[in-house]
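Hi there,

Here is the structure I promised to pass along. Have a look at it first, and then read on for what turned up.

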Amino acid sequence: RPRLEEIRHRLEVLAGMLIVYLNLDEVIRIIREEDEPKDALKARFELSDVQANYILDTRLRSLRRLEEMQLKAENDVLVKEK
């Protein structure tokens, strides 16, 4: 992929992960309890397919360890590069 496309993709993923971080308990509840967690996540948080898939592919243990500052810092660096 061209670099700009990679940056756009990663920014989309990071935006989704920031939503997860700020709503972690609800995201984990949806993943554990919903029959269709992807659809539930997309509806509840207005996520894209890319964002929902990334969240569902991330282990819950990893979601708990998310560092908001790290996500924001990476986001800022990529926005500047873009």
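Before the helix pairs, a word on handedness: a crossing is left-handed if the near helix is turned anticlockwise from the far one by less than a right angle, and right-handed if clockwise. Helices here (H or I, at least four residues) are DSSP runs, numbered from the N terminus.

Please keep in mind that this is a predicted model, in which local features need pLDDT of at least 70 and side-chain atom pairs count only at pLDDT 80 or more, while totals for chains, interfaces and linings use all residues. Residues are numbered from 1 along each chain as its sequence is written, and side-chain values use heavy atoms, with hydrogens and water left out.

**Helix pairs**

With that rule in hand, H3 passes H4 in a right-handed crossing. Their axes come within 9 Å and cross at roughly 125 degrees; axes are lines fitted to C-alpha atoms, for helices over the stretch in contact, and angles run from 0 to 180 degrees between N-to-C directions. H3 and H4 are therefore oblique to each other. For the wording, angles under 35 degrees count as roughly parallel, over 145 as roughly antiparallel, 65 to 115 as roughly perpendicular and the rest as oblique. On the H3 side, Pro37, Lys38, Leu41 and Lys42 meet Asp49, Ala52, Asn53, Ile55 and Leu56 of H4.

The other pair to look at is H2 and H3, which pack at an angle of about 150 degrees with their axes 8 Å apart. That makes H2 roughly antiparallel to H3. The crossing of H2 and H3 is right-handed. Here Glu26, Val27, Ile30 and Ile31 from H2 meet Pro37, Ala40, Leu41, Arg44 and Phe45 from H3. Phe45 touches Ile19, Asn23, Glu26, Val27 and Ile30, not counting residues up to four places away in sequence; contact means heavy atoms within 4.5 Å.

**Inside the fold**

Which residues of helix H4 (residues 49-57) are buried? They are Gln51, Ala52 and Ile55, where buried means under 20% relative accessible area, exposed over 50%, and partly exposed in between (1.4 Å probe, protein chains only). Seen down the axis of H4, these buried residues fall within an arc of 95 degrees, so they line one face of the helix. The arc is that of the directions from the helix axis to the C-beta atoms. The buried residues of H4 pack against helix H1 (3-22), helix H2 (24-33), helix H3 (37-45) and helix H5 (60-64).

Ile55 also turns up in the largest nonpolar core, which has 19 residues. A nonpolar core is a set of buried Ala, Val, Leu, Ile, Met, Phe, Trp, Tyr and Cys residues joined through side-chain atoms within 4.5 Å. Those with the most contacts inside this core are Met17, Val20, Val27, Leu41, Phe45, Ile55 and Leu63. H1, H2, H3 and H6 each supply at least two of its residues, and H1 gives the most, with seven.

**Helix H6**

Asn75 touches Leu11 and Leu14, leaving out residues up to four places away in sequence. Glu81 also has its place in H6, but is partly exposed, with a relative accessible area of 42%. Glu81 and Leu11 are 70 residues apart in sequence and 11 Å apart in space, C-alpha to C-alpha. With residues up to four places away in sequence not counted, Glu81 touches Arg3 and Ile7.

**The loops**

Three glutamates sit in loops. Glu34 lies between H2 and H3 and is partly exposed at 34% relative accessibility. Leaving aside neighbours within four places in sequence, Glu34 is in contact with Arg29 and Ala40.

Glu46 lies in the loop between H3 and H4. Glu46 is exposed, with a relative accessible area of 73%, and has a positive phi of about 55 degrees although it is not a glycine.

Glu67 is in the loop between H5 and helix H6 (68-81), and at 47% relative accessibility counts as partly exposed. Glu67 and Ala43 are 24 residues apart in sequence and 24 Å apart in space, C-alpha to C-alpha.
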